Amino acid sequence: MFSLRKAKLHAVSAHQSYFRSLFRAIEVTGTQSQASLRHGIACKAVLSDERNHSLLLSKLRTSSTRFDVWSMNRTEAFSTISGSILLQARDPAKLNEEIQIAVDQCRRDEAWRLFQQHMQMEGFPRKSVVNNVLICFAESLDSNWLQKGYSLVEQAFEESKQNLLEKEPLVYLSLALAKSGMAVPASTILRKLVETEEYPHVSAWSAVLAHMSLTGSGSYLSAELVLEIGYLFQNNRVDPRKKSNAPLLAMKPNTQALNIALAGCLLFGTTRKAEELLDMIPKIGVKADANLLVIMAHIYERNGRREELRKLQRHIDEACNLNDSQFWQFYNCLLMCHLKFEDLEAASKMVLEMLRRGKVARNSLGSALLGFGTAEDDKLKLRKGSEVKEHDNHETPIHSMIPPYEEFVRDRKFLKLEAEAKEVLGALLAKLHVQVELITSERGVLQPTEEIYVKLAKAFLESGKMKELAEFLLKAEHEDSPVSSDNSMLVSVTNACISLGMLDQAHDLLDEMRMAGVRTGSSVYSSLLKAYCKTNRTREVTALLRDAQKAGIQFDSSCYEALIQSQVIQNDTHGALNVFKEMKEAKIQRGGNQQFEKLLKGCEGNAEAGLMSKLLREIREGQSLDAGVHDWNNVIHFFSKKGLMQDAEKALKRMRSLGHSPNAQTFHSMVTGYAAIGSKYTEVTELWGEMKSIAAATSSMRFDQELLDAVLYTFVRGGFFSRANEVVEMMEKEKMFVDKYKYRMLFLKYHKTAYKGKAPKVQSESQVRKRESGLTFKKWLGLS
């Protein structure tokens, strides 16, 4: 009995090494396969031992018979998975070498297949191999390989293997993703680097930012990135004297990074997000350059911050490195802001002063750049500057290729990437320059374009200031080059009023011209007379005939025909005969002047009809916003920015009582103000209800990405997930971009332990709904 037990122990001990090696080789296969292989191989090992030890065979006959029968029943299963055993049993070190060879030869399909094989066997390969695979995929600039590379990065972070990833390959991959238009993964990699304290150099991440800013969602993410990175440096949080802070300080946003993010926001209309960036600039100590000053002007104009523009004017006038394009962009913004606030006196004063200075420059044959004085005296001054920088209509070509990784790594200070980012910024700024409509430059002198006359005329007409409009146009014509009476701006505006049915305004303008001693051609009187006749306004016709007689205007046959037809329609036969008799006595020939009809037909057919055509289009299609809304928005913005929310609420209430309807900008200021002081989630919920009711009732309220993003942030921060789901649904319905990464981090920061495990057995109905809303939002974030 003792010898039998000893023999069994000897058999097991002799093959213990076989068991260990084979178990290790098949560890990654399925549970059933593992069990089958262990018993099958163990059986073969025992049978082989029995053949070598004939003495033990007789003593172990019973045991061997059981094993033999089991082995025979499992032979077929073993043969079917033998190929898998051989595949899994390959040497990981050899597999690493094969992956590296495939990468070196740019055989990406083979490298990916071997990489996946290694992941099944041993998990991630060696650190150098992982990074080389990422580099190889990034160099392809192919969206498919870039997505695979990004998925590897995601998996590494999910499995807490981020120590396998080096900073330079990740920045390189992020740049490739940005160049390929994949802004979300590009920004996520940069955020992960900051999160793991592997701080990228500002010149490197600025280049990524530049290519991201060429798309709408990318520009929004660029602004978010700058805000997140800039937050680390606010109020001198980082001590520059410590050597350990050197890598962090190298990441600090500079002027170029801010310019790129701001320009992207401007081009894609997220100007309130851009204003958040402007508020951050003094907190991180970034100095403004010429480009930043001009970009600030554009942002203030879009958001209606006229007082901020006036403060900026002094810096613009004192800046010595502004070129002509930048200079006239600023004054274009200032003019636009005057028009927004319906300050027609200030706007017309600027235009007239430009014309006067231009006339002086032309007469003296001098070349000067027109400049405006400080806000205190509002006087214009001549300004000498650099040559006018011309911008072609074609876009500046953007770098679509990526440098080889070796070249990328050698450039330790990322000077080439900095130059590339600067070039992309130039392309963005060129697009901003194209948007300048009101001011141009002639021989270095700022001059108004026809567009400013159109906008001013429209503003004067809408406010009913006929006398002021006539005075302005007459002064403008006096300062500008003289033109014939029938081609003057005043006549063009009068004709536009007639064609739009604004007959009283047209008559008022004719009266102003007559009293100012301006001689006007017969075409304007004729067209107005026909319009009066067409609308059967007999009293106005009589007054106009009297005015025309005073001005020495002789009507043509078409006017008399219109008068006769008007009398006939009113059954005034005697009056019609008198008009006909007067026409014969004046010896008026039929088929008279058709100048106005031709002009009007040209406008309707989109022909080039100058000022009149543009004014017609502006009045018919242009949308005007109540200037009072801008004023109240500025008041509410000021209180919200200072955290004085009670005053902001009073201002909003007063705004409503005066009949001004709040818009998206109004509510954005209120929501961000509540979010800044915290714990005001109920107030934001009430505002959300008001927004929806106003949007359903009027067209003045339009939800935009910035407003909904601010509301969503507040609801997620406060745990109001039912309302958050409403906002998400609205944004997705309108196909607005949502920064899921930001909300995922926000959820994990404040609600990480929420909605985990099973629901409590006893819950109220409201608790059940709240839990369901939270789980729905969590699932949307991809955290369930």
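Tutor: Start with a term: a salt bridge is a side-chain nitrogen of Lys or Arg within 4 Å of a carboxyl oxygen of Asp or Glu. Keep in mind that this is a predicted model.

Student: How many salt bridges does that rule give?
Tutor: The count comes to 29 salt bridges. One of them joins Glu308 and Lys311, whose closest N and O atoms are 3.9 Å apart.

Student: Where do Glu308 and Lys311 sit relative to each other?
Tutor: Both are in helix H19, which covers residues 306–318. They are three residues apart there, so about one helical turn separates them.

Student: OK, what about Lys458, which partner does it have?
Tutor: Lys458 forms a salt bridge with Glu462, with 4.0 Å from N to O. The two lie four residues apart in helix H24 (residues 450–463), again about one turn of the helix.

Student: And is Lys458 buried or exposed?
Tutor: Lys458 is buried, because its relative accessible area is 7% and the cut-off for buried is under 20%.

Student: What does Arg769 pair with?
Tutor: Arg769 meets Glu765 in a salt bridge, at 3.1 Å from N to O. These residues are four apart in helix H41 (residues 765–781), so they are about one helical turn from each other. Arg769 counts as partly exposed at 46% relative accessibility, while Glu765 is exposed at 61%.

Student: Which residues do salt bridges with shared partners join into a network?
Tutor: Glu224, Lys273, Glu276, Asp709 and Lys742 are joined into one network that way.

Student: Why would side chains like these pair at all?
Tutor: Side chains of opposite charge can pair when their charged atoms come close.

Student: Changing topic. How many helices and strands are there?
Tutor: The chain has 41 helices and four strands.

Student: Pick a strand. Which residues of E3 are on the covered face, and which on the uncovered one?
Tutor: Strand E3 runs over residues 439–442. Ile439 and Ser441 make up its covered face, and Thr440 and Glu442 its uncovered face.

Student: Which strand is E3 joined to?
Tutor: E3 is joined to strand E4 (residues 445–448) by four bridges, and the two run antiparallel. Ile439 stands opposite Pro448 of E4.

Student: Now cysteines. How many disulfides does a search of the whole structure find?
Tutor: The search finds zero disulfides.

Student: Last thing, the whole chain. What share of the residues is buried?
Tutor: Of the 784 residues, 49% count as buried. The chain exposes about 40200 Å², and carbon and sulfur atoms supply 51% of that.

Student: And what share of the contacts joins residues at least 24 apart?
Tutor: Among contacts between residues at least 6 apart in sequence, that share is 69%.

Key
Residues are numbered from 1 along each chain as its sequence is written. This is a predicted model: local features need pLDDT of at least 70, side-chain atom pairs count only at pLDDT 80 or more; totals for chains, interfaces and linings use all residues. Side-chain values use heavy atoms; hydrogens and water are left out. Buried means under 20% relative accessible area, exposed over 50%, partly exposed in between (1.4 Å probe, protein chains only). Two strands pair if DSSP finds at least two bridges between them. Contact means heavy atoms within 4.5 Å. Accessible areas come from the Shrake-Rupley method with a 1.4 Å probe; for residues, only the protein chains shown count as cover. A disulfide is a pair of cysteine sulfur atoms within 2.5 Å.
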